[in-house]
Each structure stands twice: as C-alpha cells, then as structure tokens.
Amino acid sequence: MSLLRTGRCPTAIRHTVDGQIAPLAPLAARPVVAAPTRTVIAHGERRSANRTKWATAEPPSGAAGPAVAESPVREQTVAEQIWDCAQDLAPVFTEVDRLVAANVRKVQKAFRDHRIGPHHFQGSTGYGHGDLGREALDSVMAQIMGAEAALMRVQFVSGTHAIASALYSVLRPGDEMLAVAGHPYDTMEEVIGTRGTPGHGSLMEWGVSYRELGLTSEGRIDWEALKTAVVPGKTKVAHIQRSCGYALRPTLSIDEIGKAVQIIKAQDPNVVVTVDNCYGEFTDTREPCDVGADLAMGSLIKNPGGTIAPGGGYVAGRADLIGAVAARLYAPGIGIDAGGVPGSTLRIFFQGLFLAPQTTGEALKGGRLAAELLHREGFTVIPAPGVPDVWSMITAVELRSRERMTAFCRGIQRTCPIGSYITPEPGVTAGYGDEVIFADGTFIDGSTAELSADGPIRAPYVVYCQGGTHWTHWALALEGAVTSLREAVAKDN
Ligand SMILES: Cc1ncc(COP(=O)(O)O)c(C=O)c1O
C-alpha cells in the first residue's frame, strides 16, 4: 500500500511482540526489565478539531511521530509512578465513593417514588403525545435536581443548546443579562452576541444587553461587586456558570451558588437566576435548584447521561419557566407535552441517569489521578491534588505551550477505545473563537462524560481532562499522555 495517499499519515505505534500494550508494573518496586518490542507502522488518520472535517493535506511520511519514540524503560517508570499515585489516593477515592453512594441513594429514591418500570421504556413517534416514559423521566429529573419541573429531552443537541433555550425563554428586548461568575464558556459568546455571525439572532441582536462581573484574582465570585450589580427592573437574568469551562478557576460550590442567589434576589426578587450546570451534576449531593436557582441546564453527553445517553440535554427549575423553555425548544403552543422519543432511547436515558453518580465518581477519581501525577511532573493543576474543597469533574493542567497540549492530547487519543489511530490536531471548531484541540476517542460523538481531554489553543495553554467510565482507563491514558508530554518537554529544553 502506498504511503503517499493524501489524507493519511502513517503513525508508528509501539506494541510488545504479541501485539499487546505493555502491562502496568505491579505496585512493589522491582527491577525494570525491558520487554522485547518491535515497532510497527499503522495507518492512522489526522483529524482537525472540527469533528466534521478530516485534514487532507498531510505530508506523506513513514517516520515515526513524536508520540512513539518511547523507550520501554521510561514507559514502565511512568506506569510505576501512576500506581504509586493511585495507592496514595486510596483515602481520596474513599471520599468519592461516599459521594457516589449518597447520589445513588438519591437517584434510586426518585425512581422508586415515580414507580419507574419497563412500561416507561416504550418510546413514541411523531408528536409523542401521551408518552408516559418521557413524562416520568422529566419528573424523576426534576426530583433529582431539586426542581419543580424539568425537561430531559433528546431534542436538545448539547449543553449550549439547553442553556440558550433557557436564556431565550426568559429574556426579552430591553432586558439585561448579567454574567455573575466571569466570562461564560466559549460557545456562549455566539449565543450572547459578543462574537458570531450577524443575522443569526444572538441575544444582543434581539436587543438584550449584556454585562459581566469579572472574577477576583483568585478566580472567585467578586462578592462585594455582586452586592450592587443588579439593576432592579432591568437585569432580568443573572447567569452563573458552576464549572470552570475553559478558564483556570475553581468550580463553584453549591454553597457559593446559594450565596449568590441570595445576594441577587435581595436586590430584585424578580431576577431569574440561571445556572450553567454542565459538568456539575452529581459532584455534590445538592444541585443549584436546591439552593434557590430558578433554572439549571446541562447536557446528557456529560454527567447525567451516565456515558450511555446517545445525546440530549435538560433544563430543570421553576414550573412556569420550564413551560416557557418548552415553548422555546419546540414552539409556543406545542410545549411540554410533545416531543417523540424514538426506540429504546428512554430506557437508555433512565439507565444512564441511574449510572450517572457512579460514572461521575469514576471521572472524579480519574481527575484526581491526573492531578496527582501531573503535579508530580511539575505542572500546575486545578483543583490541586488531594481532596478538593469542591469536587470538580474537570481537572485543568497548565501545560504552557501549544506543542505540549498537542502531545498530551495525542497520548490520550492513542489509548482511547474509538479512533485510537486518529492524530488530534488543533483546529477551528464550530462555536469556538480560538483553535481547539480534542482528544475524544469516545463511543458517542463529543461525549465528554467519557474519558477526554481538550482545550483552546491560547495562553496559558491549559488542557482540561474530564470524564471516564472507569478510573483505571485514566491510568492507561495518563501513561500515554505523560510519555508524550515528557518528549515534548525534552524538545523544549
Ligand atoms: C461550563 C460549560 N458550559 C457549557 C458547555 C457547552 O456544552 P456543549 O459542548 O454540550 O454545548 C461546556 C462544554 O464543555 C462547559 O464546560
């Protein structure tokens, strides 16, 4: 087979002689013995960050890529370090297990209270009128989220879509949207209108004004500024992003969200507090509506889908507002009672929701492992190693260069179940202003509930690690990522 085809770049992958990846070393220190290895050249594919496009102009080359020039001695050393970290993390993992158990109890109770049975799994067609399963799912989600009502629907494409639907359902021309916890996630810029295509109907284009409160130098909400930030009668939405997004700042605690709600409502009780809950679900035993948020929004290919939901999103909150969100998602008059759910999707949604506390826990453990290891490698990580003040689904690692981000993501991708032959590249992606790189070799396209790492290519060059069905997959992925990273660092020096 010719190596000169466009769109294909041979990528060398090291296997042991029997074609297996070398096993991790046992915990006890032992002399490192180099396993006999051979290098095989496999035909990989290069992919830009735009998930819909494939790079087509790769230089034909048979040379081994940077991620493969590993010596077996070095690889085993990384593996040993990983298992040392895992051993030290045993008490941290126990804390995660307690959180998981509390949330499994909460979810199971909601299922029991709503008498969920196989008759809820039938699905529906067309309008989906009278779909018992969809209605029960909405109610179960509302209970879990501490809300009066919820829409947990396959028709939401993503978290951004759920958040946008909530904002558009509340805001009207002349209203103000106030972002309380700094600059919202990148994809919100086009929704709000601070960036994007004229004529696409951003909130600002519809006559909504926008203001944001910057974070303090520690990345916290500026409580003093918040006390006077609301303009009564003008500020209609106060928007809080719980998780860090692509910012080097801590995840907000539920207590912080509750405090913000109180400060906002004290200035004007009519302000609608919306919380971008992406990556927040099940990282605490309480959710934003438990502490007074009016609406909370998220994606089902993040935490609450339990890594198996094939798509979708949710909005939970006040019943009157959920009606308006349904009118926005579908159309006024169609509303909350419609929305067909095909085939076995409802069974997967219920099952994913039941699994979600556990898969979130696995992701938290994987994140703690990444934090511990990369801290030992000399990188700044957020949250810092150990039991964090606030559990975060995302672990941010400041890598300080584009090349290191690329190397890290390539190391991760190589150890993913799907598309391990793909070489991630920084590239333009719909919704993002900067180039972005993604390592997301996942069963469900774009599912960051599954093990993934990504980040925008901008200073200070941070890669965000999240998801994972089992933390031991992170042990494998980190072996690949740190090996690649060390090679990139060595090139810097
Ligand atoms: C905090 C936060 N909000 C919103 C989003 C957007 O979610 P989605 O990619 O599902 O549109 C993300 C994505 O990572 C996020 O981290």
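**Exercise 1. List the residues that surround the ligand, and sort this shell by class.**

Step 1: Around the ligand sit S158, G159, T160, Y185, T187, Q241, S243, G245, D276, C278, Y279 and S299; a residue is near a molecule if its C-beta atom, placed from the backbone, lies within 6 Å of it. Residues are numbered from 1 along each chain as its sequence is written. This is a predicted model, in which local features need pLDDT of at least 70, side-chain atom pairs count only at pLDDT 80 or more, and totals for chains, interfaces and linings use all residues.

Step 2: The shell holds three nonpolar, eight polar and one charged residue. Here Ala, Val, Leu, Ile, Met, Phe, Trp, Tyr, Cys and Pro count as nonpolar, Asp, Glu, Lys and Arg as charged, and the others, Gly among them, as polar.

**Exercise 2. Describe how α2 and α3 pack.**

Step 1: Start with the axes, which are lines fitted to C-alpha atoms over the stretch in contact, with angles from 0 to 180 degrees between N-to-C directions. Those of helix α2 (residues 90-113) and helix α3 (residues 132-144) are 9 Å apart, at an angle of about 140°. Helices are DSSP runs (H or I, at least four residues), as strands are (E, at least two), numbered from the N terminus.

Step 2: α2 is therefore oblique to α3, since angles under 35 degrees count as roughly parallel, over 145 as roughly antiparallel, 65 to 115 as roughly perpendicular and the rest as oblique.

Step 3: Now find the contacts (C-beta atoms, placed from the backbone, within 7 Å). K106, V107, A110, F111 and D113 of α2 meet V140, Q143 and I144 of α3. Sorted by class, that is five nonpolar, one polar and two charged residues.

Technical notes
Two residues are in contact if their C-beta atoms, placed from the backbone, lie within 7 Å.
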